[in-house]
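Reader: I am new to this structure. Can you show me how to read its features, one at a time?

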Amino acid sequence: MADPKGFLNHGREVAKSRPVEERVKDWNEVYVPGSLLPIISKQASRCMDCGIPFCHNGCPLGNLIPEWNDYAYREDWGAASERLHATNNFPEFTGRLCPAPCESACVLGINQPPVTIKNVEVSIIDKAWETGDVAPQIPERLSGKTVAVIGSGPAGLAAAQQLTRAGHTVAVYERADRVGGLLRYGIPEFKMEKRHINRRIEQMRAEGTRFRTGIEIGRDLKATDLKKRYDAIVIAAGATTARDLPVPGRELKGIYQAMEYLPLANKVQEGDYVSPPISAEGKHVVVIGGGDTGADCVGTAHRQGAASVTQLEIMPRPGEDRAAHQPWPTFPMLYKVTSAHEEGGERVYSVSTTHFEGDEDGNVQWLHLTEVEFVEGKLTPKPGTERKIPAQLVTLAMGFTGTDRENGLVDQFGLDLDERGNIARDADFQTNVPGVFVAGDAGRGQSLIVWAIAEGRSAARGVDRFLTGASDLPAPIRPTDRALMV
């Protein structure tokens, strides 16, 4: 145990954010650089090293949280990094982007603020990069087997790194022009600077993983041809089919899916554009969807100089404390104020869009909405609550419904789908096609980054067993495992 009285002697402290008026003028991460290290030892000491550490249950990766908390408390950064990497290929990603279900499951959180597990994690990995403790792990011998990974998001990268380290020759195919999937183009720079992806990719290249960008399987290269080239294939193409809003006026100009809008802002930071082809500058922006992707749109619109930003959510506003039907250690639905929300804008709950109104040139100008309430378990419009709000740029951030079917990948492989429209797989993450496996959102449906990495690691074990007859690679989850929720 780090410090038996740590949680009694120290309260919870989190990373300090830069002032709003400063950070909305740039695209750097919102936190004050270096603000964590001076406080992180005390924060790690709050971990009680419980007899039954429920944080393990909250995290699908099975992170050894009490162990690396103890090392962080003692400032043994090398040992902390080793324990952290034992279960997580990319802690710099999860330490910045994960909603931290481990903290919701922290035993201390029963009656006190939980341990800042996420902040400890990111402190360890940032220190490890700084001190050179993150190095390529080159396999001692090669198996002679080849694997193609389709998609370079967290699931694909995790699977690729595990299989490369097992001695297989791995090539990652990415349809975008750069590696990273949604990490690259779906996550704004102010949440995670892309240098974190770049240096991890360089580590993977040094280990032997090969990357092929600008190639979409199904369109640029037939799935059947890919199968002939490789001994095994891992599909980690994500669940990229966005949920749409089929209401009158949807065809008006100025209404975009979030993943049509967000990548362009990231491409400006990559140097591809001087200014984004779709910009919120000077416009009244409406974001439909109250989740993390919606918040990313809000923060992006602030930095582009929007005249106003309004975020709509059809569900009621969550409470600030655990509801009785969401007891510890489940992951509760709580009212969350992200860094983007701190920067301004209005959040409106329990409303539904009825239609859009445009000008004579076909540009969206107004969004009409109505309040809704639950009647006999169904969301129903409240009579007399209709109104309209200005909307010159609308982004739809309502989630995703499944993997892409239009590019031909699913049909060309002849893959079976489950009842939710995800690619079906067995206990080894193998599809109905021998030698073809699936990991991440393509098989699970839209989920969290920790689940994606856990899926990639687990699918890698299935591939390794398929290729060699046995495997020592870890498999933290089964395909049927789900988050600890009520």
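**Salt bridges and a sheet**

Author: The side chains of E193 and R195 form a salt bridge, with 2.7 Å from N to O. Keep in mind that this is a predicted model.

Reader: What is the general idea behind such a pair?

Author: Side chains of opposite charge can pair when their charged atoms come close. Here the partners are E193 and R195.

Reader: Are E193 and R195 buried or partly exposed?

Author: E193 has a relative accessible area of 14%, so it counts as buried, because the cut-off for buried is under 20%. R195 has 45%, so it is partly exposed.

Reader: Which residue does R219 meet in a salt bridge?

Author: R219 meets E216, at 3.1 Å from N to O. E216 is buried, with 11% relative accessibility. R219 is partly exposed, with a relative accessible area of 46%.

Reader: How many salt bridges does the count give?

Author: The count comes to 37. One of them links R83 with E67, and their closest N and O atoms are 3.2 Å apart. This pair connects distant parts of the chain. R83 sits in helix α6 (residues 77-85), E67 in helix α5 (residues 65-73), and the two are 16 residues apart. E67 is partly exposed, at 36% relative accessibility.

Reader: Now the sheet. What is the order of its five strands?

Author: Read across the open sheet: β6-β14-β7-β8-β9. The pairing is parallel.

Reader: Which strands are at the edges?

Author: β6 (255-257) and β9 (346-349) are the edge strands. Each of these pairs on one side only. On average, neighbouring strands of the sheet are turned by 20 degrees against each other, direction ignored.

Reader: How many bridges do β7 and β8 pair over?

Author: Five, in the parallel sense. β7 covers residues 284-288, and β8 covers residues 308-313. To find a facing pair, look at V287: it stands opposite Q311 in β8.

Reader: Which strands does helix α14 touch?

Author: Helix α14 (residues 258-270) packs on the sheet and touches β6 and β14 (393-396). Its direction makes about 80 degrees with that of β6.

Reader: And where does helix α15 lie?

Author: Helix α15 (residues 292-303) lies across β7, β8 and β14. Compare directions: helix α15 runs at about 175 degrees to β8.

Methods: Residues numbered from 1 in each chain as written. Predicted model: local features only at pLDDT ≥ 70, side-chain atom pairs only at ≥ 80, totals over all residues. Heavy atoms only, no water. Pairing = 2+ DSSP bridges. Helix = DSSP H or I, 4+ residues; strand = E, 2+ residues; numbered from the N terminus. Axes fitted to C-alpha atoms, helices over the stretch in contact; angles between N-to-C directions. Contact = heavy atoms within 4.5 Å. Salt bridge = Lys/Arg side-chain N within 4 Å of Asp/Glu carboxyl O. Buried < 20%, exposed > 50% of the residue type's maximum accessible area, 1.4 Å probe, protein only.
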